[in-house]
Amino acid sequence: MLSNLYQTLEYRNNNDYIEKDGPFPCTHSNAWLGDGYYFWDTFINHAHLWGMNSYKQNGYVICKSIIDLQNLNIFDLDSPQHLLVIKEVRDILKSKYPNETITVPYIINYLKDNVAEFNYNAVRARGITENNFNNSKRFIKYNPQKRSFLDLTPQIQICILDKKVIGENNFKIIHEKPSISPINI
């Protein structure tokens, strides 16, 4: 099944360069799935929110790639088996390095660097933040008396580990929003 993946980038008036050389790796030290090419899976509204919150000064562009995720070897953090791997590695690392802060990207980078069987093309995760639960358009309760919700547009990110997976000519700008600078009179 084909999936739409969206990467949000800062607007720099360089659209030809973006489409020719994209996608681009995340260079933030706090990237939450480790090193790679980050995309929002399916729900473009998260790409817009990321752009509005991250690129306020210059604006943003959203690029789209269409990928058959079933053909990828994905380390999926919605999979119970993969969550067990994360938990086991976390427990090992906590006992081995008791003074280290063990985070998800720490574990994923450890797996990539030290476990030969970790031969995945991508890592997929669903982000959850508590302040999102007030959005009634996005969530629906399972039971009116309980706090459990179904997220209708989950924040799913895919971190592609090898750019070749995207393929040739499969990275197109679909939205451009430069910031509006005040006019100096």
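From the N terminus, the elements run β-α-β-α-β-β-α-α-β-β-β-β-β. This gives four helices and nine strands. Helices (H or I, at least four residues) and strands (E, at least two) are DSSP runs, numbered from the N terminus. The model is predicted, so that local features need pLDDT of at least 70 and side-chain atom pairs count only at pLDDT 80 or more, while totals for chains, interfaces and linings use all residues. Residues are numbered from 1 along each chain as its sequence is written, and side-chain values use heavy atoms, with hydrogens and water left out.

Along the principal axes, the C-alpha atoms fill a box of roughly 60 × 45 × 40 Å. The protein has 185 residues, and 38% of them count as buried. Buried means under 20% relative accessible area, exposed over 50%, and partly exposed in between (1.4 Å probe, protein chains only). The exposed surface comes to about 12100 Å², with carbon and sulfur atoms supplying 50% of it. Areas come from the Shrake-Rupley method with a 1.4 Å probe; for residues, only the protein chains shown count as cover. Of the contacts between residues at least 6 apart in sequence, 76% join residues at least 24 apart. A contact is a pair with heavy atoms within 4.5 Å.

Helix H2 spans residues 44–54, and its buried residues are His46, Ala47, His48 and Gly51. Their cover includes strands S1 (2–10), S2 (37–41), S3 (59–68), S8 (155–160) and S9 (172–178). Thr8 belongs to strand S1. Thr8 is buried, at 8% relative accessibility. Beyond its neighbours within four places in sequence, Thr8 contacts Trp40, Ala47, Trp50, Gly51, Tyr55, Tyr60, Val61 and Ile62. Ala47 and Gly51 are among the buried residues of H2. Thr8 and Tyr60 are 52 residues apart in sequence, yet their C-alpha atoms are 6.7 Å apart.

The second largest pocket holds about 240 Å³ of space. On a 1 Å grid over the protein atoms alone, a pocket is an open set of points where a 1.4 Å probe fits, with protein on both sides within 12 Å along at least five of seven lines; lining residues have an atom within 4 Å of a point. Points are joined across faces, edges and corners, and the volume is the space filled by probe spheres set on them. The lining has 14 residues, with Lys20, Gly22, Gly167, Glu168 and Asn169 nearest the centre. Helix H1 (residues 15–21) gives the largest share, three residues. By class, the lining has three nonpolar, four polar and seven charged residues. Ala, Val, Leu, Ile, Met, Phe, Trp, Tyr, Cys and Pro count as nonpolar, Asp, Glu, Lys and Arg as charged, and the others, Gly among them, as polar.

Backbone geometry has several marked sites. Most residues other than glycine have a negative phi, and most peptide bonds are trans. The bond from Gly22 to Pro23 is cis, with omega near 0°. Pro23 sits in the loop between H1 and S2. Asn169, in the loop between S8 and S9, has a positive phi of about 50°. Asn169 is exposed, at 68%. Thr42 has phi near 75° and lies in the loop between S2 and H2. Thr42 is partly exposed, at 41%.

No disulfides (cysteine sulfur pairs within 2.5 Å) are found in the whole structure. The sulfur of Cys26 has its closest cysteine sulfur in Cys159, 7.8 Å away and therefore too far for a bond. Cys26 is partly exposed at 22%, whereas Cys159 is buried at 0%.
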